[in-house]
Amino acid sequence: MTRVLRRLFSPTRGYSAEPRERIERTGASFSQVSVHCVRYMIWAEVQLMLKSLKRFSAISFLCAEWPVCMATLLFSASPALAQNKPVRVIAFGAHPDDCDLGAGGIAAKYAMLGHKVKFVSLTNGDAGHQSQHGEELAKRRRAEAQEAGRRIGIEYEVLDNHDGKLLPTLEVREQVIREIRQWKADIVIAPRPNDYHPDHRYTGVLVQDASYMVIVPNLVPDAPPLTRNPVFLYYSDRFTRPQPFRADIVVSIDDVFEKKINMLDAHVSQFYEWLPWTEGVLDQVPNDPAERKKWLAKWPSAARKLQPEWREALEKRYGAQAASIQHAEAFEITEYGHQPSEEEIRRLFPFLPQMASR
Ligand SMILES: [Zn+2]
């Protein structure tokens, strides 16, 4: 019982923060704050129950506190939780660290608000190192990915396809369809199919090819089809052919930037070994763990500095606040999935401020 209650209302779900602190920390809307207040009351009750469980014998607890607490849970939790169904996000990358770079900030934001995020790497990363390879490297990278997910409170799965050899086969497409269905995704994020790396490119193709098939019942019969196509998003990139990335949704990640860097820091084999080696700067990586984290925060692909072409989309949602935003993640809504209305965008991106200038 104690374990179940902790799992449902643990502080990592973000319900334990005092409402005033939460408003300041997240800049939440009025409706979000209302829901949070109810959850905060429930969490306070749960804490009382857990304390009581420790303090009293099981019999005295059942007689005295349990009925009151259960009544509180039943009558106050149900309407709020029903109205505030968690948003379910699944992000795909070719390698263990790709999703983190593109969407680690928003993943941290979703997790803090109690929503559900899963990162999936389509390859096991067994080619990305200058001195390690094969199973040894795959094992190390899987452990790094799982640690990265743990640091921000999300799930992380690494599939066992070989790094550097990913192809848009029917078998991998079905893996992608299965992942999206099993996660019951509202949002799916993937790279665009224009990229310098073939694994990235084919990850884009594979997810694009799954974007209608997730609702077709006769395919992948072991995973029930979704009843509605999710919203499919692309991560931002710098490629211009055949067309440049279009920033539809830009999210400030200033408030979770340290969390994101802490997540990236878990991929030691990549950010402190392989990528500096490929760029000829391995000798510049500091040995001290705190110093190397600061060094990582300045790496352009980690820093996600606000790009000039994202400013318009940012200002649309953040208004005057946009002028002071430093770090951001941007996404393009693909043509192939569900096309969300503005109302749906507000529900699917609950950390965006109420629209400033529409
Ligand atoms: Zn990659």
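1. In this predicted model, strand 2 (116-123) and strand 3 (155-161) run parallel and are joined by 5 bridges. Within that pairing, the bridge partner of V120 is E157 in strand 3.

2. The pair belongs to an open sheet that is formed by 7 strands in the order 3-2-1-4-5-7-6, with mixed pairing. Its edge strands are strand 3 and strand 6 (249-252), each of which pairs on one side only. Neighbouring strands of this sheet are turned against each other by 25° on average, if direction is ignored.

3. Strand 5 (residues 231-235) is largely enclosed by the rest of the structure, because 5 of its 5 residues are buried. In a regular strand the side chains alternate between the two faces of the sheet. Here V231, L233 and Y235 point one way from strand 5, while F232 and Y234 point the other way, and all are buried.

4. Helix 7 lies across strand 2 and strand 3, and runs at about 160° to strand 3. Helix 9 (residues 198-213) lies across strand 1 (88-93), strand 2, strand 4 and strand 5, and runs at about 155° to strand 4.

5. Helix 9 also packs with helix 8 (residues 170-183), at an angle of about 55° and with the axes 9 Å apart. Helix 8 is therefore oblique to helix 9, and the crossing of the two is right-handed. On the helix 8 side the contact involves V172, R173, V176, I177 and I180, which meet L206, V207, D209, A210 and M213 in helix 9. The residues of this contact divide into 8 nonpolar, no polar and 2 charged. The spacing on such a helix can be read with a general rule in mind: an α-helix has 3.6 residues a turn, so residues three or four places apart point the same way.

6. The contact is made by A148, R151 and I152 of helix 7 together with K259, N262 and M263 of helix 10. By residue class, the contact of helix 7 with helix 10 divides into 3 nonpolar, 1 polar and 2 charged.

7. Helix 11 (residues 268-278) has S269, Q270, F271, Y272, W274, L275 and P276 as buried residues. The buried residues of helix 11 pack against helix 7, helix 10 and helix 12 (289-297), and just after helix 11, G280 takes a positive phi of about 70°.

8. A last point concerns G114, which is found in the loop between helix 6 (98-112) and strand 2. G114 and V87 are 27 residues apart in sequence, but their C-alpha atoms are 8.7 Å apart in space.

Definitions and conventions
Residues numbered from 1 in each chain as written. Predicted model: local features only at pLDDT ≥ 70, side-chain atom pairs only at ≥ 80, totals over all residues. Helix = DSSP H or I, 4+ residues; strand = E, 2+ residues; numbered from the N terminus. Contact = placed C-beta atoms within 7 Å. Nonpolar A, V, L, I, M, F, W, Y, C, P; charged D, E, K, R; others polar. Buried ≥ 20, exposed ≤ 12 C-beta atoms within 10 Å, placed from the backbone. Pairing = 2+ DSSP bridges. Axes fitted to C-alpha atoms, helices over the stretch in contact; angles between N-to-C directions. Parallel < 35°, antiparallel > 145°, perpendicular 65-115°, else oblique. Left-handed = near helix turned anticlockwise from the far one by under 90°.
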